[in-house]
Amino acid sequence: MIIIIISLRYYETISGMNTSVEGDERTSNTVYIHKQLQSEFIQNGCRNYRFIPILFPGAKKCYIPTWLQNTHVYSWPKDRDDILRRLMRVEKYNPPPIGPLPTIVSIPL
């Protein structure tokens with residue numbers, strides 16, 4: 001599982017708006033990792049198997065990369081329990097136990 005934190009700073013970095021000199025290495029690393037994640041997503045036939053996008057407070061849905069917009073997006077801290085369940089691979093609702101098999105009675109004609 002890969003958690004992708006969506007914030008204004010992340011959005012500015014991957015969209016090329018943030019071109020500060022002090023964050024040059026951080027910016028290039030973030031852009032490189034973003035491109036690798038996008039490439040994996042495309043190689044998986046645009047199916048999300050590992051990515052968990054999480055909107056941090058103050059972030060908008062438009063900050064989510066276009067290739068991740070059709071997947072379930074969590075909001076922090078509102079969806080904290082759902083995020084933990086997904087990371088731990090625990091179901092929210094447990095199915096009821098399977099009851100006894102029905103008895104089939106055949107009547108000859």
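Student: What makes Glu40 and Arg50 a salt bridge?

Tutor: The term asks for a side-chain nitrogen of Lys or Arg within 4 Å of a carboxyl oxygen of Asp or Glu. In Glu40 and Arg50 the closest N and O atoms are 2.8 Å apart, so the pair meets that cut-off. This pair links distant parts of the chain, ten residues apart: Glu40 sits in helix 2 (residues 24-43), and Arg50 in the loop between helix 2 and strand 2 (51-55). Helices here are DSSP runs of H or I with at least four residues, strands are runs of E with at least two, and both are numbered from the N terminus.

Student: Where do these numbers come from?

Tutor: This is a predicted model, where local features need pLDDT of at least 70, side-chain atom pairs count only at pLDDT 80 or more, and totals for chains, interfaces and linings use all residues. Residues are numbered from 1 along each chain as its sequence is written, and side-chain values use heavy atoms, with hydrogens and water left out.

Student: Why is Glu40 called partly exposed?

Tutor: Buried means under 20% relative accessible area, exposed means over 50%, and partly exposed is in between (1.4 Å probe, protein chains only). Glu40 has 21% relative accessibility, so it counts as partly exposed. Arg50, with a relative accessible area of 35%, is partly exposed too.

Student: How many salt bridges are there in the whole structure?

Tutor: A search finds four. One of them joins Asp81 and Arg80, at 3.3 Å from N to O. Another is Asp82 with Arg85, where the closest N and O atoms are 2.6 Å apart.

Student: Where do Asp82 and Arg85 lie?

Tutor: Both are in helix 3, three residues apart, about one turn of the helix. Salt bridges that share partners join Asp82, Arg85 and Lys92 into one network.

Student: What makes up the nonpolar surface patch?

Tutor: Its members include Met1, Ile3, Phe56, Trp76 and Leu84, and the patch covers about 780 Å². A patch takes residues with over 30% relative accessible area and no salt bridge; nonpolar side chains (Val, Leu, Ile, Met, Phe, Trp, Tyr) are joined within 5 Å, like charges within 9 Å.

Student: Which element gives the largest share of the nonpolar patch?

Tutor: Helix 3, with three residues.

Conventions
Areas by Shrake-Rupley, 256 points an atom, 1.4 Å probe, with all protein chains shown as cover.
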